[in-house]
Amino acid sequence: MANNNNNNRIVVPEARQALNQMKTEIANELGLSNYEAQDKGNLSSRQNGYVGGYMTKRLVEMAQRNMSGR
């Protein structure tokens with residue numbers, strides 16, 4: 001049974017544009033050109049997962065730098 005609840009809400013709405021830009025940049029780095037215009041349903045789970053995984057990794061790195069004062 002599919003879960004229709006979307007728990008991927010943005011806690012800080014002002015960050016939406018920056019997060020979308022980061023997603024596009026990471027997709028381009030991974031060789032997924034024109035990612036923002038693609039139907040994500042036509043991409044493999046691995047491709048979509050890579051983008052989300054790299055975003056998470058980069059956001060954690062940013063938070064760690066911020067917390068350490070660097």
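The count of salt bridges in this predicted model comes to one, where a salt bridge is a side-chain nitrogen of Lys or Arg within 4 Å of a carboxyl oxygen of Asp or Glu. The partners are R58 and E29, whose side chains meet at 2.9 Å, N to O. Because R58 belongs to helix α2 and E29 to helix α1, the pair ties together parts that are 29 residues apart in sequence. R58 counts as partly exposed, at 27% relative accessibility, whereas E29 is exposed, with a relative accessible area of 55%; buried denotes under 20% relative accessible area, exposed over 50%, and partly exposed the range in between (1.4 Å probe, protein chains only).

Residues are numbered from 1 along each chain as its sequence is written, and side-chain values use heavy atoms, with hydrogens and water left out. Since the model is predicted, local features need pLDDT of at least 70 and side-chain atom pairs count only at pLDDT 80 or more, while totals for chains, interfaces and linings use all residues.

The chain has two helices and zero strands; helices (H or I, at least four residues) and strands (E, at least two) are DSSP runs, numbered from the N terminus. Of the 70 residues in the chain, 11% are buried. The chain exposes about 6000 Å², of which carbon and sulfur atoms supply 48%; accessible areas come from the Shrake-Rupley method with a 1.4 Å probe, and for residues only the protein chains shown count as cover.

Helix α1 spans residues 16–29 and includes N28. This residue is partly exposed, with a relative accessible area of 43%. Leaving aside neighbours within four places in sequence, N28 is in contact with S33 and N34, contact meaning heavy atoms within 4.5 Å. N28 and V51 are 23 residues apart in sequence, and their C-alpha atoms are 9.5 Å apart in space.

Helix α2 covers residues 45–68 and contains Y54, which counts as partly exposed at 39% relative accessibility. Together with L30 and Y50, Y54 makes a nonpolar surface patch of about 280 Å². Patches are made of residues with over 30% relative accessible area and no salt bridge; like charges are joined within 9 Å, and nonpolar side chains (Val, Leu, Ile, Met, Phe, Trp, Tyr) within 5 Å.

A further feature involves a charge and a ring: K40 lies over the face of Y35, at 4.5 Å from the ring centre. The criterion requires NZ of Lys or CZ of Arg within 6 Å of the ring centre and within 35 degrees of the ring normal.
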